[in-house]
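Trainee: I have not looked at this one before. Can you walk me through it?
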Amino acid sequence: MDLSHSLLALLGVEHGFGTRFSEGETGRGRGKSGEAVTLRQVHGTTVLKESESVSSGVPASGDGLFSGPGGRPVGVWTADCLPILLSSASGRHVAALHAGWRGATAGIAREGVLRLLREGGGPTREMRAVMGPSIGVCCYEVGPEVWEAVEEGTPGYRPASLSNLDIRGLVAFQLEEMGLLPENIGSLSLCTRCHPDLFFSHRGMGGERKGRSMINYILPRP
Ligand SMILES: [Zn+2]
């Protein structure tokens, strides 16, 4: 079982946010999610094209993948980190992004938007962005190193709380700074830690059982 969002569904863009009930031990599903191209994720801000996903026979490193007209489905793995799916208004230019606090503060969402622009997926005011299940502000207590990174990467952002990070709020702020319209930014607003029945949560498992994560994928319209 994958979750979806109306902002992308209304464009006719096939996509899904994985859950515990997606097929397979690691949440990689059948069909399009099972075919999704993925990267070796490193909490950075590199967004590659799907044709660049393999380097010397092994998955390339990066935290975002772009796919254009006729391209393959692209995906990111998460288990508390935030999955972000982007689409142009035509649905023919899409990207899947993986954002933990390091990637989010360093600007992975901005890099995703810039990649869509470079590949003909603009303008930004017509792009759609949907944030999937992740650890929520309710459960995401963070230390001073995170706030320093927030201040450095997004100086205009004023967090409501200085103990817990609202990673979706931060990313939505960055996307609006890039020119996306608030009504084109969606969120499933589900906390992975609060819903162990639905999601794998790295923090919720005390860091144990590494490798159990969920795939979030998107497929460009042909
Ligand atoms: Zn929570």
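Mentor: We start with the chain as a whole and then go to its sheet.

Mentor: This is a predicted model: local features need pLDDT of at least 70, side-chain atom pairs count only at pLDDT 80 or more, and totals for chains, interfaces and linings use all residues. Residues are numbered from 1 along each chain as its sequence is written.

Trainee: How many helices and strands does the chain have?

Mentor: There are 6 helices and 11 strands; both are DSSP runs numbered from the N terminus, helices being H or I with at least four residues and strands E with at least two.

Trainee: What share of the residues is buried?

Mentor: Of the 222 residues, 47% are buried, meaning 20 or more other C-beta atoms, placed from the backbone, lie within 10 Å of the residue's own.

Trainee: Now the sheet. What is the strand order?

Mentor: The open sheet of 6 strands runs E2-E5-E8-E7-E9-E10, with mixed pairing; two strands pair if DSSP finds at least two bridges between them. At the edges are E2 (47-49) and E10 (185-187), each pairing on one side only.

Trainee: How do E2 and E5 run, parallel or antiparallel?

Mentor: E2 and E5 (residues 64-67) run parallel, joined by 3 bridges. Val47 is opposite Gly64 in E5.

Trainee: And which strands does helix H4 lie across?

Mentor: Helix H4 (residues 108-118) lies across E2, E5, E7 (82-87) and E8 (94-99). Contact means C-beta atoms, placed from the backbone, within 7 Å.

Trainee: Which strands does H6 touch?

Mentor: Helix H6 (residues 167-178) packs on the sheet and touches E7, E8, E9 (128-131) and E10.

How values were computed: Two residues are in contact if their C-beta atoms, placed from the backbone, lie within 7 Å. Axes are lines fitted to C-alpha atoms, for helices over the stretch in contact, and angles run from 0 to 180 degrees between N-to-C directions. A residue is buried if 20 or more other C-beta atoms lie within 10 Å of its own, exposed if 12 or fewer, and partly exposed in between; C-beta atoms are placed from the backbone.
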